[in-house]
Amino acid sequence: MIQTEGITKSFGSLQVLKGIDLTIGEGEIVAIVGPSGAGKTTLLQIIGTLDAPDSGKLYINGTETVRLSEEKLAAFRNRNIGFVFQFHQLLPEFTALENVMIPALIAREKPAAAEKRAKEILDFMNLADRMSHKPNELSGGEKQRVAVARALINNPSVILADEPSGSLDTKNKEELHKLFFDLRDQMHQTFVIVTHDEQLATDTDRVIHIKDGTVQLTIDN
Ligand SMILES: Nc1ncnc2c1ncn2[C@@H]1O[C@H](COP(=O)(O)OP(=O)(O)O)[C@@H](O)[C@H]1O
Ligand SMILES: [Mg+2]
């Protein structure tokens, strides 16, 4: 479960977040929507503990993350949170399989176990025959599915996605969105997805509208 209380964030004189209160339940799929510049990415980075709020509280699975040291926070993030970005951000020198294994190796998983699990996830995503390819040998949709596999390798309870289908065509977009719902049904992760895609937003459990640094409205689907 994710809970934020009164989160604020400024960049210089620009106050981007003016007090965000959210509670997102375990296994929920939530869409965050709002105009460009509204602070959606900033909020996702803060929920993901990649950036710190100026004030306010953040709890992830009961842990108040701002109280953790840098080192503990990095370990917490690695185990609890998976990230999917608009542009896959795979490492170009490594194969799909290696890219997926990296977070597990960072978590000090044994290489053989990391490889086994990475293969299972890639297989689940119908990427078994693409595992030894490097990112530039994969299509856009395949790269994004590899990025989702990488986000899943450490079995995080929370997946954060920032416009994950923003660079995909309709078919790949639909496949990626279906994957999110399949994963939630089978593995019960919580998904927070920033999106401009109206169909995806409508398909989620709840849509949170962010504007002028506050939550303007939430709509239960
Ligand atoms: N690191 C930063 N330094 C300065 N300004 C930033 C930084 N990150 C974001 N901003 C500004 O904060 C505002 C919100 O950005 P962002 O969270 O990326 O919005 P969104 O994702 O909703 O489009 C924008 O005006 C942006 O220019
Ligand atoms: Mg953004």
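Predicted model: local features only at pLDDT ≥ 70, side-chain atom pairs only at ≥ 80, totals over all residues.
Local features need pLDDT of at least 70 and side-chain atom pairs count only at pLDDT 80 or more, while totals for chains, interfaces and linings use all residues. Residues are numbered from 1 along each chain as its sequence is written, and chains are lettered from A and ligands numbered from 1 in the order in which they are written.

Six strands form an open sheet in the order β6-β7-β8-β3-β9-β10, and their pairing is mixed. Helices (H or I, at least four residues) and strands (E, at least two) are DSSP runs, numbered from the N terminus; two strands pair if DSSP finds at least two bridges between them. Strands β6 (81-84) and β10 (214-220) are the edges, each pairing on one side only. From one strand to the next, the twist averages 20°; axes are lines fitted to C-alpha atoms, for helices over the stretch in contact, and angles run from 0 to 180 degrees between N-to-C directions.

Strands β3 (residues 29-33) and β9 (residues 206-211) run parallel and are joined by four bridges. Valine 33 has histidine 209 in β9 as its bridge partner. Helix α1 (residues 40-47) lies across β3, β7 (158-162), β8 (190-194) and β9, and runs at about 155° to β8. Contact between two residues requires C-beta atoms, placed from the backbone, within 7 Å.

The residues surrounding ligand 1 include Phe11, Leu14, Val16, Lys40, Thr41 and Thr42; a residue is near a molecule if its C-beta atom, placed from the backbone, lies within 6 Å of it. Helix α1 gives the most to this shell, with three residues.
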